[in-house]
Amino acid sequence: MFAIFKREFKGYFYSPMAYVLIGLYMLMSSFFFLGNLYDGNADFNGNLSTMGFLLLFIIPILTMRILAEDRKSGTEVLLITSPANITSIVVGKYLAALCVFLVMTAITFVYPIIIAIFGDPAYAQLIGGYVGYILLGASFIAVGVLASSLTESQVIAAVIGFVSMLTMWIMDYLASFVGGILAIVLNWLSLFSRYYDFNIGILNLAPVVYYISFISVFLFITIRVIERRRWSQG
Amino acid sequence: MIEVVNLTKRYGQIVAVNNINFTVQKGEIVGFLGPNGAGKTTTMNIITGYLPSSEGTVKVCGYDILENPKDVKRRIGYMPEQPPLYMDMTVKDYLDFVSDLKQVDKKKKRAQLNDIMELVKITHVRNRLVKNLSKGYKQRVGLAQALVGRPEVLILDEPTVGLDPQQIIEIRKLIKALGKEHTIILSSHILPEVSAVCERIIIINKGEIAAIDTPDNLSKVFGNSTKFTIRIAGPKSSVQNLLKGICGVKYVEVASQKEKDVYDYIVDTSGETDVRRPIFFELAKFGYPILELKTLSMSLEDIFLQIVTEEKEVN
């Protein structure tokens with residue numbers, strides 16, 4: 001698993017992919033940060049939720065090639081015929097994407113640090129906001145990994161990833177229309193209704209467990225998808 | 001070493017591999033031969049554990065591929081038709097990754113990789129990106145990848161496809177050399193290749209085994225050479241009549257005129273009796289000298305075509 005993780009993580013930096021994504025992300029998030037600077041506002045959590053929205057665009061691009069490319073280029077054969085099992089392949093790749101995301105997140109720490117130098121932010125709220133943000137990103141990556149396992153085409157993987165994440169983004173909204181049992185079911189998939197608590201500084205165990213189980217379920221489905229494809233066709 | 005029993009693979013309605021059985025002994029080089037789409041790659045994919053079979057079992061070194069996939073995969077090096085290369089890595093990084101993936105002992109890794117790179121002659125390109133290598137070098141890196149971890153069994157799917165004649169010869173030599181330490185199965189649709197390298201040939205057609213034997217035996221069994229071409233100096237019609245009169249000769253055909261009154265004849269015999277001596281004495285009696293006599297042995301190419309077309313006729 002570590003071998004796959006290492007290659008995949010390095011792979012992001014062999015190609016311009018990681019640099020372009022991180023650069024783009026920093027550029028866009030710095031626009032939002034300008035608001036803090038101009039207004040002399042020490043509240044960064046508003047920014048964090050906007051940056052969470054940006055992840056809708058960044059994560060599908062980060063994860064689109066993760067499994068689709070192996071299938072297309074034939075390297076999947078190498079991975080599957082090696083002693084590594086499919087679980088460790090999927091988890092290794094997931095962790096690699098997660099680490100790139102964490103690197104990206106770590107760079108954004110520069111904003112709260114600037115705020116801390118010149119102002120007096122609410123640290124607890126900030127930490128809560130970041131924990132929520134990271135869990136949200138980690139869940140998005142799991143969705144992206146699943147999307148990438150469904151197709152050979154990276155573009156299609158990115159689109160599937162984007163559409164499913166967007167659907168999850170508006171899930172509360174959809175749920176409010178239907179009501180009844182369907183609303184409850186839809187709410188199970190709502191990543192954002194769990195996110196709000198973090199952003200106002202409430203660190204609750206239940207949403208953390210929710211996100212971790214969400215990730216596990218999506219990775220499990222990814223493994224099943226790959227297994228199923230092996231058994232059903234070529 | 002490798003035991004394949006009643007192996008069947010279905011893709012929906014299509015039967016890609018139908019109930020095939022064979023065994024490969026330790027240290028053997030076995031060739032899979034068949035037209036495109038015969039089921040060679042599917043069979044190899046099943047043996048290496050890339051695809052599960054619909055029915056039947058595959059055992060490598062006594063381990064079943066479905067029950068102990070890890071033990072089997074550890075013992076197999078697989079080079080698929082399209083080498084599984086990461087284009088954006090250097091050769092060295094790539095082989096490093098494969099070693100880690102195959103869980104090669106960290107201490108032995110460096111020495112082993114150096115040996116392998118030396119063996120397939122890619123040491124001088126080890127710092128280049130895979131995508132910048134020529135097809136021949138990519139193929140060698142693919143082969144190096146299969147050798148990592150020094151597996152007992154090597155499975156090579158069309159190892160020489162797309163190479164130039166010089167490279168083909170080199171790869172063949174390499175495979176022969178590897179055969180001393182490894183058990184090898186290779187596939188090809190090119191006959192000379194299989195007959196040059198392999199000790200045994202498995203001919204597959206439409207997912208079924210059409211023949212298994214050594215190249216020599218295949219030539220003997222299928223090409224029991226009963227045809228001769230004979231160049232004789234003498235008037236055409238009387239020579240032809242003479243030949244037809246000899247016991248054992250079934251059919252005589254005049255192939256071509258070589259000089260004045262010198263013709264090539266193709267003589268087809270029953271194969272039960274040796275007609276060469278009677279032909280000589282008979283012609284000598286009439287003073288028609290034999291200038292040349294050749295057996296028309298069937299090449300593997302002919303045998304292959306014969307087997308494949310016979311199957312078609314049966315179907």
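# Reading chains A and B

Author: Chain B has a radius of gyration of 25 Å, whereas a compact globule of 315 residues would have one near 20 Å. This radius is taken over C-alpha atoms, and the globule rule is 2.2 Å times the number of residues to the power 0.38. The model is predicted, and local features need pLDDT of at least 70, side-chain atom pairs count only at pLDDT 80 or more, and totals for chains, interfaces and linings use all residues. Residues are numbered from 1 along each chain as its sequence is written, while chains are lettered from A and ligands numbered from 1 in the order in which they are written.

Reader: What box do the C-alpha atoms of chain B fill?

Author: Taken along the principal axes, the box is roughly 80 × 45 × 30 Å. The C-alpha trace of chain A spans about 60 × 50 × 30 Å along its own principal axes. Chain A has a radius of gyration of 19 Å, close to the 17 Å that the globule rule gives for 234 residues, so chain A is as compact as a globular protein of that length.

Reader: How many helices and strands does each chain have?

Author: Helices (H or I, at least four residues) and strands (E, at least two) are DSSP runs, numbered from the N terminus. Chain A comes to 13 helices and 0 strands, and chain B has 11 helices and 14 strands.

Reader: What share of the residues of each chain is buried?

Author: A residue is buried if 20 or more other C-beta atoms, placed from the backbone, lie within 10 Å of its own, exposed if 12 or fewer do, and partly exposed in between. Buried residues make up 40% of the 234 residues in chain A and 37% of the 315 residues in chain B.

Reader: Which residues of α2(A) are buried, and what do they pack against?

Author: Ile22(A), Tyr25(A), Phe33(A) and Asn36(A) are buried. They pack against α3 (45-63), α6 (86-108) and α7 (110-118) of chain A. Residues are in contact if their C-beta atoms, placed from the backbone, lie within 7 Å.

Reader: How is a sheet read, and what is the strand order of the open sheet of 4 strands in chain B?

Author: Strands of a sheet pair through backbone hydrogen bonds, either parallel or antiparallel. Here the order is β12-β13-β11-β14 (chain B), with antiparallel pairing; strands pair if DSSP finds at least two bridges between them. The edge strands, each pairing on one side only, are β12 (249-259) and β14 (290-295) of chain B. Neighbouring strands of this sheet are turned by 20° against each other on average, direction ignored. Strand β11 (227-233) is joined to β14(B) by 5 bridges, and Thr229(B) has Lys294(B) as its bridge partner in β14(B).

Reader: Which helix lies across β11, β12 and β13 of chain B?

Author: Helix α9 (236-245) of chain B does so, running at about 155° to β12(B). Axes are lines fitted to C-alpha atoms, for helices over the stretch in contact, and angles run from 0 to 180 degrees between N-to-C directions.

Reader: Is Ile47(B) buried or exposed?

Author: Ile47(B), in helix α1 (40-47) of chain B, is buried because 25 other C-beta atoms lie within 10 Å. Leaving out residues up to four places away in sequence, Ile47(B) touches Ile2(B), Val4(B), Val58(B) and Ile155(B).

Reader: Where is Thr273(B) found, and which residues is it in contact with beyond its neighbours within four places in sequence?

Author: Thr273(B) is in the loop between β13 and α10 (276-286) of chain B, in contact with Cys247(B) and Gly248(B). The C-alpha atoms of Thr273(B) and Cys247(B) are separated by 8.5 Å, although the residues are 26 apart along the chain. Thr273(B) is partly exposed, with 13 other C-beta atoms within 10 Å.

Methods
Two residues are in contact if their C-beta atoms, placed from the backbone, lie within 7 Å.
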